[in-house]
Amino acid sequence: MRAVEFEEYGDPEVLKVVEAEVPEPGPGRVAVDVAYAGVNFADLKARAEGYRVPSLPYRPGLEVSGRVRTVGAGVEGLRPGQEVAALVDSGAYAEVVVADAATVFPLPEGLDLRTAATLPTVVPTAHALLHEVGRLSAGESVLVHGAAGGIGTVAGQLARAAGAGAVYGVVSSPAKAGHALEHGYDEVFTTGTFADDVRRATGGRGVDLVLDPIGGETLRQDLDVLAVFGRLVSFGNASGAEPWRVGQPELYPQGRSVAGFSILALAQTAPQALRALAERAFRTVTDGLVRLPITAEFALSEAAEAHRLMGGRTSTGKLLLRITD
């Protein structure tokens, strides 16, 4: 089978198509013939910085759609030929992948394979950030960083559907604002001035919930724009900054709180909770509450081009690799 991997860290050019052995599923695991693979920022960090890479060579990719090829011993509820979406720890850039059965999700009726490839990481993450972790209530205000990206695109729509009083987004450039405004956001700010913009938009009150994948200094500014009893949810460290600690002096005076979420960590520690979360999240797509536009699609051999586009910070929505025609 064909797969994409890298043997050294670097620019997109280190991604190479290789011939590899077709993997077989062990007990509790499922092999999937891949139709599409999602491209995520974590893939770029793996390639450039070694994020979550245990050893080289390494095959990137966290999510796929396709058809069940074979199932390992003890797997129930999945059968060969069944259309599924799957979350994998790595290796999605390949014609066949193996995943834990708990992270392989049969497709709901009416959901096609191309759309399904956009779902495993993005939609459950956005749902968890707003509801399971962020505990959003109707009438509350939300601020979402990366509002034009995949998670941001979904989060804006979910917040609007949940009855948020105001949905604010932050984007890296004014060119991305239009995309966010079409997907649930009331106002969109740019990264450098967002804190002042939030204070202006809220009359100094601040927002009830902030979702942040950036980390570093941005998290510090997020705390400053939280309303009384506000919640901050961290779900990434795209800045690459050193982690910092927050404690009593920052949280006690106005009852603020900080939480975190990683869908990959949840898959490892609580796979059944992930499965229930995914089912809830996927229903928002089949029910028409959420749509996630695919803004670019590349062949497997063009993985470097997909990375180059995402790394240029000009893309919006979701990028896909087409694995089989």
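This dialogue explains how to read several features of a predicted model.

Colleague: Let us begin with the sheet of six strands. In what order do the strands lie, and what is the sense of the pairing?

Modeller: The model is predicted, and in it the six strands make an open sheet with the order β10-β9-β8-β11-β12-β13 and parallel pairing. Strands β10 (187-190) and β13 (257-260) are at the edges; each has a single partner strand, so one side of each lacks a neighbour in the sheet. From one strand to the next, the twist averages 20°.

Colleague: How many bridges join β11 to β12, and which residue stands opposite V210?

Modeller: Strand β11 (residues 207-212) and strand β12 (residues 226-234) run parallel and are joined by five bridges. Opposite V210 stands L232 in β12.

Colleague: Which strands does helix α3 touch where it packs on this sheet?

Modeller: Helix α3 (residues 122-133) touches β8 (141-145), β11, β12 and β13. The direction of α3 makes about 145° with that of β11.

Colleague: Which residues of α3 and α4 meet?

Modeller: From α3 come V122, V123, T125, A126, H127, L129 and L130; from α4 come G150, I151, V154, A155, L158 and A159. The residues of this contact comprise 10 nonpolar, three polar and no charged.

Colleague: At what angle do α6 and α7 pack, and how far apart are their axes?

Modeller: Helix α6 (residues 194-201) and helix α7 (residues 217-224) pack at about 15°, and their axes are 10 Å apart. Angles under 35 degrees count as roughly parallel, and α6 and α7 are therefore roughly parallel to each other. Their crossing is right-handed. In this contact, F194, A195 and R199 of α6 meet T218, Q221, D222 and D224 of α7. By class, the residues of the contact of α6 with α7 are two nonpolar, two polar and three charged.

Colleague: Where does R205 lie, and which residues does R205 touch?

Modeller: R205 is in the loop between α6 and β11. Its relative accessibility is 47%, so R205 counts as partly exposed. Not counting residues up to four places away in sequence, R205 touches S141, L226 and A227. R205 and R69 are 136 residues apart along the chain, and their C-alpha atoms are separated by 54 Å.

Colleague: Is Q272 buried or exposed?

Modeller: Q272, in helix α10 (residues 271-286), is exposed because its relative accessible area is 55%.

Colleague: Which residues of helix α1 are buried, and what covers them?

Modeller: In helix α1 (residues 41-49), D43, L44, K45, A46 and R47 are buried. Their cover includes β3 (29-39) and α11 (303-311). After α1 comes G50, which has a positive phi near 85°.

Colleague: To finish, how many residues of strand β5 are buried, and with which strands does β5 pair?

Modeller: Strand β5 (residues 83-87) is mostly covered, as four of its five residues are buried. β5 pairs with strand β4 (residues 63-71) in the antiparallel sense over five bridges, and V64 stands opposite A86 in β5. β5 also pairs with strand β7 (residues 104-106), in the antiparallel sense over three bridges. There, A85 has F105 in β7 as its bridge partner.

Conventions:
Residues numbered from 1 in each chain as written. Predicted model: local features only at pLDDT ≥ 70, side-chain atom pairs only at ≥ 80, totals over all residues. Heavy atoms only, no water. Axes fitted to C-alpha atoms, helices over the stretch in contact; angles between N-to-C directions. Helix = DSSP H or I, 4+ residues; strand = E, 2+ residues; numbered from the N terminus. Parallel < 35°, antiparallel > 145°, perpendicular 65-115°, else oblique. Left-handed = near helix turned anticlockwise from the far one by under 90°. Contact = heavy atoms within 4.5 Å. Nonpolar A, V, L, I, M, F, W, Y, C, P; charged D, E, K, R; others polar. Pairing = 2+ DSSP bridges. Buried < 20%, exposed > 50% of the residue type's maximum accessible area, 1.4 Å probe, protein only.
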